[in-house]
Amino acid sequence: MTGKIHFIGAGPGDPELITVRGRRLIDEADVIIYAGSLVNPAVLDGRKPSAVVHNSAYMDLDAVIGVVKEATDKGLAVVRVHTGDPSIYGAIREQMDRLDALGIGYEVVPGVSSFLAAAAVLKKEYTLPDVSQTVILTRMEGRTPMPPKEKLVDLARHNCTMAIFLSIGFIEELCSTLIEGGYDPKTPAAVVYKATWPDEKVIRGDLTDIAGKVKGKNVEKTALTVVGGFLGDEYGLSKLYDKRFTTGYRKGTEE
Ligand code: SAH
């Protein structure tokens, strides 16, 4: 019998922020491969004493697939644990394609992405009426290039809510590019470092001063920058809960 592999989104850090299914599959797994650079090892605490744990920070794609193949050939249950949700900068697709080629079955269990955890930590709503109804998830061009039509300066034109991953090391350039692209320099911005971890930090400012505020605070990795008017206090009220507005479930008081 061939074993199966589950890709699991471990959530942003707090071990309670994994799905019930993700937790169960980890607890039942024979072999665990986790992204040790970002996943909180506490999500593995309920594993079987016999479970074999591999940290993918020290492995390349061939090594990961090698471990999966050997274990599934033996009929073992394997979990591949990614931070946040595996569909966001998770490098999951290349693994799935290799598994397809080998005829190894897999399933994906979603997780709470760090950009969602950041909104919860900030107690904000990304899609405020009259402010922004669009969220751009992106990153800066670093060691890996961006597709030519997705340069940050072009994305900035929309002035919508933006969550920028993997870019805290370039925050000065990030802010100047967003201003160059069309955000008002006074647009609010926040950096959330290690959202939902015990050593979480939140830094608030605007595009002119957030980079300076981040400096010297040991915020070097695992931080997300969010930008947009959603961090401010001006917005329209929703139609959904407007007492004058009729919805499929509720009749409004006036039309
Ligand atoms: N799949 C992950 C993202 C992996 S890319 C997800 O869905 O969240 C790694 C980047 O994610 C980091 O550079 C950082 O920008 C962000 N990140 C991951 N966990 C984070 C956390 N707990 N707090 C803030 N940013 C985080």
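Biologist: Leaving aside neighbours within four places in sequence, with which residues is Thr225 in contact?

Modeller: In this predicted model, Thr225 is placed in strand E10, which spans residues 223-227. With a relative accessibility of 1%, Thr225 counts as buried. Setting aside the neighbours within four places in sequence, its contacts are Met162, Ala163, Ile164, Ile168, Ile171, Leu174, Ala190 and Val191.

Biologist: Which residue in E10 is the bridge partner of Ala163?

Modeller: Strand E7, residues 161-165, runs antiparallel to E10. Three bridges join E7 and E10. For Ala163, the bridge partner in E10 is Val226.

Biologist: Which residue stands opposite Val227 of E10?

Modeller: E10 is also joined to strand E8, residues 188-193, in an antiparallel arrangement. Five bridges connect E8 with E10. The residue that stands opposite Val227 is Ala189.

Biologist: How many disulfides does the structure hold?

Modeller: A disulfide is a covalent bond between the sulfur atoms of two cysteines. The rule applied here requires two cysteine sulfur atoms within 2.5 Å. For Cys160, the nearest cysteine sulfur is that of Cys175, 16 Å away, and Cys160 is in no disulfide. The count of disulfides is zero.

Biologist: Is Cys175 buried or exposed?

Modeller: Cys175 is in no disulfide, and the nearest cysteine sulfur is that of Cys160, at 16 Å. Burial is assigned under 20% relative accessible area. Because its relative accessibility is 4%, Cys175 counts as buried.

Biologist: How many residues apart are Asp30 and Lys48?

Modeller: The side chains of Asp30 and Lys48 meet in a salt bridge, with an N to O distance of 2.7 Å. This pair links distant parts of the chain: Asp30 lies in the loop between helix H1 (20-28) and strand E2 (31-34), and Lys48 in the loop between E2 and strand E3 (52-55). Lys48 is partly exposed, with a relative accessible area of 28%. The separation of Asp30 and Lys48 is 18 residues.

Biologist: In which helix do Asp97 and Arg93 both lie?

Modeller: Asp97 and Arg93 form a salt bridge whose closest N and O atoms are 3.1 Å apart. Asp97 is partly exposed at 35% relative accessibility, while Arg93 is exposed at 57%. The two are four residues apart, about one turn of the helix, and the helix is H3, residues 93-102.

Biologist: How many salt bridges does the structure hold?

Modeller: One of the salt bridges joins Glu70 and Lys74, with the closest N and O atoms 3.3 Å apart. Glu70 and Lys74 are both exposed. For the structure, the number of salt bridges is 13.

Methods:
Residues are numbered from 1 along each chain as its sequence is written. This is a predicted model: local features need pLDDT of at least 70, side-chain atom pairs count only at pLDDT 80 or more; totals for chains, interfaces and linings use all residues. Side-chain values use heavy atoms; hydrogens and water are left out. Buried means under 20% relative accessible area, exposed over 50%, partly exposed in between (1.4 Å probe, protein chains only). Contact means heavy atoms within 4.5 Å. A salt bridge is a side-chain nitrogen of Lys or Arg within 4 Å of a carboxyl oxygen of Asp or Glu. Two strands pair if DSSP finds at least two bridges between them.
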